[in-house]
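Please consult the sequence and structure shown below.

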Amino acid sequence: MLSAQERVDLVATESRRLEEYLGSLSANAWDQPSKCSLWSVADVLGHLTWASDYFMATISRGMKGDISPPDDWPETGASAPEYFNRFIADKAIEARKTLGDGLVQEFQARNHRLQELISSVGPDELDMPCYGPFATRSVRLFITTRVQELAVHGWDMQASLEPSTHLSPAAVPLVLERMPQWLGLKGISDFRLPSTPSSSVRFRVDTGVGANHDILVTGDSCMLESAGDSANDADVVLRCDGEAGGLLAYERVSVDSVFGDGSIQGDVTLGNELLSWLKAK
């Protein structure tokens with residue numbers, strides 16, 4: 001588990017990596033499709049640029065005890081995910097169109113202001129609540145999310161033009177922190193084992209970098225839990241590369257590409273039942 005200071009430092013590190021890459025792009029790269037569905041490379045940067053303002057507004061308000069939404073944002077819990085996704089997409093495209101040729105420079109300026117704010121956060125402010133579209137979120141969580149966005153959206157842009165691109169190794173553990181959310185969106189609580197409906201089975205997703213998660217399935221429930229210290233705690237271990245697991249959690253790669261031959265340790269039949277269920281979702 002990375003410390004709060006390590007997360008703050010990663011905001012600067014990932015920002016620097018992305019800015020250096022953006023400076024190398026040719027003029028015809030911006031209209032190319034990115035790895036983020038339906039967005040061009042320029043649209044992705046438009047999102048990161050606009051999101052800098054959103055993060056600034058929510059974090060600065062939260063640090064003052066204000067959890068009200070920024071201008072033109074819905075009240076917490078008032079919008080469905082479909083509306084929110086469309087809202088985000090519209091904001092990204094609007095920013096890209098409005099900023100035009102000044103997009104890179106404006107991203108740098110706004111991102112630097114956000115970095116300064118994040119660097120100023122004190123230990124007693126990390127857990128202060130801030131506005132969120134579905135629920136309030138802590139300052140600490142916003143810092144983590146910024147690292148995730150810089151890393152994954154940076155990959156979205158670069159991997160579309162250079163297929164051999166990798167996520168920053170330092171950011172992979174934080175990207176993997178999205179795994180429980182991804183499993184939740186898949187509806188993991190509804191998963192049951194057809195072959196052993198009355199048994200209790202513990203699955204472990206082992207990423208090789210310590211960001212592991214357990215899925216405990218019983219006859220009438222399925223729960224996500226923190227992984228134990230020993231692989232012997234699990235009946236089935238699903239092994240994957242950390243980077244691949246992080247990209248899966250952001251739905252940039254498929255279940256098949258992450259969990260290939262030999263990835264299941266323990267009961268292969270049970271492991272395949274879980275993987276088949278995930279693939280069908």
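## Pockets and cavity

Strand 5 (residues 222-226) contributes the most to the lining of the second largest pocket, with 3 residues. This is a predicted model in which local features need pLDDT of at least 70 and side-chain atom pairs count only at pLDDT 80 or more, while totals for chains, interfaces and linings use all residues. Residues are numbered from 1 along each chain as its sequence is written, and side-chain values use heavy atoms, without hydrogens and water.

On a 1 Å grid over the protein atoms alone, a pocket is an open set of points with protein on both sides within 12 Å along at least five of seven lines; a cavity is a set where a 1.4 Å probe fits but cannot get out; lining residues have an atom within 4 Å of a point. Points are joined across faces, edges and corners, and a volume is the space filled by probe spheres set on them. Helices (H or I, at least four residues) and strands (E, at least two) are DSSP runs numbered from the N terminus.

| Space | Volume |
|---|---|
| Largest pocket | about 1,500 Å³ |
| Second largest pocket | about 380 Å³ |
| Largest cavity | about 50 Å³ |

Of the 37 residues lining the largest pocket, Phe-84, Asn-85, Glu-149, Arg-178 and Gln-181 are the closest to its centre. Helix 5 provides the largest share of this lining, 8 residues. For the second largest pocket, lined by 15 residues, those closest to the centre are Met-1, Gly-210, Ala-211, Asn-212 and His-213.

In the lining of the largest cavity, helix 7 has the largest share, 3 residues.
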